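Here are my notes for you, written as numbered points. Keep the structure open while you read.

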Amino acid sequence: MDNFQTVLRFFMNQKATIGYSFMALLTIGGERIFSMVSFQCPCNREQNFAYGLTFLLGPAAVLLIFGLFFNTRLWRLYTGCCLNPMKLCPRGNCIGCLRVFMSIFVGACVAPVMWLSVALLNGTFYECAISGLDQNLVVKLFCKNMTVECVEGLARVPCDRSKLSSDKRMELLLMFRAQSQILGWCIIITAAIAGLLGTCYTNCRSKVSFLQLTFWKRYMEKEKEHFDAFAVDYATKLAERNLQSFFENKEPAPFPLPNHKAWEEISAHYTFSRSEQYYSTLQLYVERMDRDFTPEKRPVMDFDHGMEMS
């Protein structure tokens, strides 16, 4: 039993690494499916570049959008900012706000970078795109000291329908693939160096020690877990109370909930300071001596906007 708990604790501590590994496997599988099932290079000078570039960058753009869309930190900051712009930059700390948005954007870029790296290492999309480049550029890069047939049949090289000899076609394909893999490794190395430098800079500028920062991260994880559990529990009780009142035709029992201002305060972004050593906006709120205990009034739903207004 102790061994099982040790293994479980190890996987819980490495869940970020496991998550990124799983994302990498999904990216590799998705790229292989795209390459074998849906991708068919048109082998036409007018279409190759746009077609190959679409398959190379299109999924990366979609993954970036999904990464932003499913990021709860982004919606925590963005929700209601049109009515209260100060939510984005509490206390006028625009630099801290920009740093948070950069962190969100960098986190959303993990999947697109994985896609680009895997797609370029494979080389299929790049071969199609590069063979449809402008003719003058193609002559200088790929068909230098070759026959005119190279220029005319370059777009058909990825489909094995060119008039070039087998050796020359293989030479061009190997050149395309080498360039694609070099670009892929450049992206991987650049991302790794940027991640290392970013982590070093963040830790260097940290206002807390490494162990306290580790404790802070653990606290935020546990707070989120327990908040989700409490939210489910209280939502279930409130739903049962409302349904019981409806079906039994009686006044609902009192069910106090935090007021709108309290929800706003715990939803704001919190930056650590030595003068206020709290680990989240929730802890900052509950330890305040002047917090407002007035329960929330009965909400009125605005069906046009899907918002609750007191």
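1. Let's start with a quick one: in which loop is Cys43 found? Look between helix 2 (15–38) and helix 3 (48–69), and there you have Cys43. Keep in mind throughout that this is a predicted model. Cys43 has a phi near 55 degrees, which is a positive value in a residue other than glycine. With 7% relative accessibility, Cys43 counts as buried, because the cut-off for that is under 20%.

2. Now hop over to Asn249, in the loop between helix 11 and helix 12. Asn249 isn't a glycine either, yet its phi is positive, about 50 degrees. Is Asn249 buried or exposed? Its relative accessible area is 71%, so Asn249 is exposed.

3. Next, the rings. Searching the whole structure turns up 16 aromatic pairs. Take Phe55 and Phe125: the ring centres are 5.7 Å apart and the planes sit at 40 degrees, so this pair is tilted. Phe55 belongs to helix 3 and Phe125 to helix 7 (residues 124–130), so the pair ties together parts that are 70 residues apart in sequence. Phe55 is buried at 14% relative accessibility, and Phe125 is buried too, at 0%.

4. Another pair to find is Tyr234 with Phe255. Their ring centres lie 6.2 Å apart with planes at 75 degrees, so call this pair edge-to-face. Tyr234 is in helix 11, while Phe255 is in the loop between helix 11 and helix 12, so here the linked parts are 21 residues apart in sequence. Tyr234 is partly exposed, with a relative accessible area of 38%, and Phe255 counts as partly exposed at 22%.

5. What sits over its ring? That's the charged end of Lys237, 5.5 Å from the ring centre.

6. Last stop: the second largest pocket, with about 750 Å³ of space. It is lined by 23 residues, and the closest to its centre are Phe227, Tyr234, Leu257, Pro258 and Trp263. So you meet Tyr234 again here, because it is among those closest residues. Helix 11 (210–248), helix 12 (260–267) and helix 13 (281–286) are the elements that give two or more residues to the lining. Which of them gives the most? Helix 11 does, with eight residues. Sorted by class, the lining has 17 nonpolar, three polar and three charged residues.

Notes: Residues numbered from 1 in each chain as written. Predicted model: local features only at pLDDT ≥ 70, side-chain atom pairs only at ≥ 80, totals over all residues. Heavy atoms only, no water. 1 Å grid on protein atoms, 1.4 Å probe; cavity = no way out; pocket = protein on both sides within 12 Å on 5 of 7 lines; lining within 4 Å. Points joined across faces, edges and corners; volume = space filled by probe spheres on them. Helix = DSSP H or I, 4+ residues; strand = E, 2+ residues; numbered from the N terminus. Nonpolar A, V, L, I, M, F, W, Y, C, P; charged D, E, K, R; others polar. Buried < 20%, exposed > 50% of the residue type's maximum accessible area, 1.4 Å probe, protein only. Phe/Tyr/Trp six-rings, centres within 6.5 Å; stacked < 30°, edge-to-face > 60°. Lys NZ or Arg CZ within 6 Å of the ring centre and 35° of its normal.
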